Amino acid sequence: MITSTFDFDLIVIGAGYGGFDAAKHAAEKGLKVAIIESNDMGGTCVNKGCVPSKALLAASGKVREIANYDHLSKFGIHTSPVRFERSKIADHANNLVSNIRSNLTKTLTRVGVEIIRGFGRIAAHQKVGVRTKNGVDQIFTCENIIIATGSSPFVPPGITLDNRTVFTSDDAVKLEWLPRWIAIIGSGYIGLEFADVYTALGCEVTMIEALENIMPTFDPDITKLAKKTLLESRYIETKSNVFATKVEPGCPVKVELTDANSKEIVDSLHVDAVLVATGRVPNSKNLNLESVGIKVKKGYIPIDDKMRVINDKVIVPNVWAVGDVTGKLMLAHTAAAQGTIAVENICGQSKQIDYKTIPAATFTHPEISSVGLSESESKELAKKESFDLGVVKSYFKANSKALAELESDGMLKLLFNKNSGKVLGAHIFGLHAADLIQEVANAISRNQSVIELSSEIHTHPTLSEVVEVAYKQAALQIK
Ligand SMILES: Cc1cc2nc3c(=O)[nH]c(=O)nc-3n(C[C@H](O)[C@H](O)[C@H](O)COP(=O)(O)OP(=O)(O)OC[C@H]3O[C@@H](n4cnc5c(N)ncnc54)[C@H](O)[C@@H]3O)c2cc1C
């Protein structure tokens, strides 16, 4: 049991998904815990991320489905033109945010976590300072500190936000208006999800990407397929290899595009709105990290697989960090898992995270998901460890359930070690890809071989048979 000479056994700075899970788990383990939050309880995921964006995607996805006359008529269904109320869709997202935020706060209180409102910082070794909004400063002592301060949208130089015509996802989730024409800067998962929402609700979208190819973070074969459905069929104009070097808010919003290679201005756009979705930066400023010797790397707090903060392989005692501020697979479930693992280690259990087992999803219609290694990472590993790489593709067009739904655009690519049969990674585009990836993530986590996996029986007819087919194809290739 941890000593009680401190005000708290554990202080968590930041009540996002990472901080929440850490504080809850620690309190359930009997620790005296405080959590400090400077803004809304629940952090990015609950207030400005996963929760409101998925609520918008759910509502706009229904609009898309009902408005898709061609698709519905193949079932013999005929609908009249779809009508929707933007403000009610926005309310749906806002209400969900309030509910989840309130539940999360109640959960922390119920398990005995003390919630302290204010801006937290490290004051010294085993000391945390908090400045409240009215300027009161307090110092608390604690055995351990978990930093879970998350991240904020990155806005490249030259782009001016007015949060009305030029905005980031922080404002896009409010869906305050529907621009006739919107440029989305960035073709990562956030840009793609909002393109899905906006096009479903009748907006024209232009997508701008600084790298050579659109959707650069996804598997190239998945991108080829997904691009057709998610971008081309929705008449989304794409401009890649260009930087938006100047964006001026107003009516219209003026966008200047500069070629990534020649650095010459090559284009300009006059649009109704711009969504800046160019990645996120860690919230590691003003935390007084230097006072305990923490050196950030590009703003991220370096950690080991036990969530201990490290500086050049030296552990900073009693300080842990979890979530987006650590820059590892910046997703809500990563933050939550890291939070739990940090607490397990604080409590004397030796627990480590394995990022290769953490799935990621883009909740477009249809979805994209992945887990484990990319094909190029797998090739490198195969070379390094002298094994043969296996790659199989399983198609939704051969799946009865997908065909019954008339949603057969989709593919699963499975990467595996042909010598051992171990699964290395998977990449999916298709109906419910976000759910399907979990099965492969579990297989990687359990270190299972495709031989073993290929004999597991799947319900017919379900989309999960897409995974079964991939395992069966892979098993045939095992040496
Ligand atoms: C539009 C969008 C959609 C997303 N969709 C998904 C999704 O579908 N699935 C998914 O897994 N992930 C998604 N994410 C990512 C996910 O939201 C983040 O990975 C997750 O919120 C990170 O959790 P965290 O606890 O590290 O940080 P955060 O959620 O950012 O929380 C950090 C908290 O710390 C507080 N804080 C910061 N500094 C201080 C301080 N000094 N003192 C006190 N409090 C402080 C902040 O106010 C904040 O509340 C999405 C993100 C965005 C932007």
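The side chains of threonine 199 and arginine 64 are joined by a polar contact of 2.8 Å (a pair of N or O atoms within 3.5 Å; within protein, one must be able to donate a hydrogen and the other to accept it, and residues adjacent in sequence count only if both atoms are side-chain atoms). This is a predicted model, where local features need pLDDT of at least 70, side-chain atom pairs count only at pLDDT 80 or more, and totals for chains, interfaces and linings use all residues. Residues are numbered from 1 along each chain as its sequence is written, and side-chain values use heavy atoms, with hydrogens and water left out.

**Threonine 199**
- Threonine 199 is found in helix α7 (helices are DSSP runs of H or I, at least four residues, numbered from the N terminus).
- Its relative accessible area is 14%, so threonine 199 counts as buried (under 20%, with a 1.4 Å probe and protein chains only).
- Leaving aside residues up to four places away in sequence, threonine 199 touches Arg64, Val205, Arg234 and Ile236 (heavy atoms within 4.5 Å).

**Ligand surroundings**
- The ligand is surrounded by 39 residues (each with a heavy atom within 4 Å), and the closest are Glu37, Thr44, Lys54, Gly120 and Asp324.
- Helix α2 (43-48) gives the most to this shell, with four residues.

**Polar atoms at the ligand**
- A polar backbone atom of glycine 18 lies 2.9 Å from a ligand oxygen atom.
- A ligand nitrogen atom is 3.1 Å from a side-chain N or O atom of tyrosine 189.
- For histidine 333, a side-chain N or O atom is 3.2 Å from a ligand oxygen atom.

Key:
Helices (H or I, at least four residues) and strands (E, at least two) are DSSP runs, numbered from the N terminus. Buried means under 20% relative accessible area, exposed over 50%, partly exposed in between (1.4 Å probe, protein chains only).
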